[in-house]
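Colleague: I am new to this structure. Could we go through it in short questions and answers?

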Amino acid sequence: MNKFINPVYNNLIILNINITGGFIMENNDTIQLLKECDSGTKMAVDSINEILDKVKATELRDVLNDSRMHHEKLGNELHSLLLEHNSEEKEPAPMAKGMSWLKTNFKMAMDESDATIASLITDGCNMGIKSLHMYMNKYPEADDTSKDICKKLVSIESKLCEEMQPYL
């Protein structure tokens with residue numbers, strides 16, 4: 001795999017030489033955006049799984065299970081796209097996971113209510129939405145497919161945040 005900086009867009013281009021000797025150009029912005037979205041879906045699923053057994057209201061549990069399913073489905077799409085680009089998935093940053101775990105467990109130790117759960121999920125959604133917009137700006141040369149999947153993830157996060165409002 002050869003890498004060079006595209007002088008026109010000043011972005012990293014990865015060249016793979018296929019079996020027939022032809023070149024396949026891959027845009028690094030695309031791969032990086034897909035990886036960040038992949039990491040985000042994993043973080044969301046982990047966060048939901050961490051609090052799900054503490055949920056009291058059946059409706060809230062249903063909303064969280066539904067959102068987890070959407071995140072998992074999108075995560076599977078992301079894995080397929082990363083494989084198509086000969087890239088690996090990305091795990092959430094250990095520091096981010098650790099901080100999330102600490103915040104969740106501290107707040108839940110103080111108050112195990114559905115309102116606390118809704119607040120934690122809302123904070124996570126807002127952080128995810130902010131990060132995803134930052135990555136879309138950071139990787140402007142990403143292809144339309146990766147931008148669309150990122151926007152879809154933002155939409156899932158926004159919807160979940162909105163569905164938390166009645167429980168706050």
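Modeller: Two residues are in contact here when heavy atoms lie within 4.5 Å. The model is predicted.

Colleague: What pattern does the chain follow along the sequence?

Modeller: The secondary structure comes to five helices and three strands. Read along the sequence, they give the pattern β-β-β-α-α-α-α-α.

Colleague: What share of contacts between residues at least 6 apart joins residues at least 24 apart?

Modeller: The chain has 168 residues, and buried ones make up 41% of them. Among contacts between residues at least 6 apart in sequence, the share joining residues at least 24 apart is 67%.

Colleague: Is D114 buried or exposed?

Modeller: D114 lies in helix 4, which covers residues 114–138. Buried means under 20% relative accessible area. The relative accessibility of D114 is 12%, so D114 counts as buried.

Colleague: Which residues does D114 contact, leaving aside its neighbours within four places in sequence?

Modeller: K56 is 58 residues from D114 along the chain, yet their C-alpha atoms are separated by 6.4 Å. With sequence neighbours within four places set aside, the contacts of D114 are K54, V55, K56, A57, L60 and Y167.

Colleague: How far apart are the end C-alpha atoms of helix 4?

Modeller: Helix 4 has 25 residues, which should span 36 Å at 1.5 Å a residue. The model agrees with this, because the end C-alpha atoms of helix 4 are 36 Å apart.

Colleague: Which helices do the buried residues of helix 4 pack against?

Modeller: The buried residues of helix 4 include D114, I117, L120, C125 and M136. Helix 1, residues 28–52, is mostly covered, with 18 of its 25 residues buried. The buried residues of helix 4 pack against helix 1, helix 2, helix 3 and helix 5.

Colleague: Is helix 3 roughly parallel or antiparallel to helix 4?

Modeller: The axes of helix 3, residues 94–110, and helix 4 come within 10 Å and cross at roughly 160°. Angles over 145 degrees count as roughly antiparallel. Therefore helix 3 is, relative to helix 4, roughly antiparallel.

Colleague: How do the residues of the contact of helix 3 with helix 4 divide into nonpolar, polar and charged?

Modeller: The crossing of helix 3 past helix 4 is right-handed. Helix 3 brings K103, T104, K107 and M108 to the contact, and helix 4 brings T116, I117, L120 and D123. These residues divide into three nonpolar, two polar and three charged.

Technical notes: Residues are numbered from 1 along each chain as its sequence is written. This is a predicted model: local features need pLDDT of at least 70, side-chain atom pairs count only at pLDDT 80 or more; totals for chains, interfaces and linings use all residues. Side-chain values use heavy atoms; hydrogens and water are left out. Helices (H or I, at least four residues) and strands (E, at least two) are DSSP runs, numbered from the N terminus. Buried means under 20% relative accessible area, exposed over 50%, partly exposed in between (1.4 Å probe, protein chains only). Axes are lines fitted to C-alpha atoms, for helices over the stretch in contact, and angles run from 0 to 180 degrees between N-to-C directions. Angles under 35 degrees count as roughly parallel, over 145 as roughly antiparallel, 65 to 115 as roughly perpendicular and the rest as oblique. A crossing is left-handed if the near helix is turned anticlockwise from the far one by less than a right angle, and right-handed if clockwise. Ala, Val, Leu, Ile, Met, Phe, Trp, Tyr, Cys and Pro count as nonpolar, Asp, Glu, Lys and Arg as charged, and the others, Gly among them, as polar. The expected span of a helix is 1.5 Å times one less than its number of residues.
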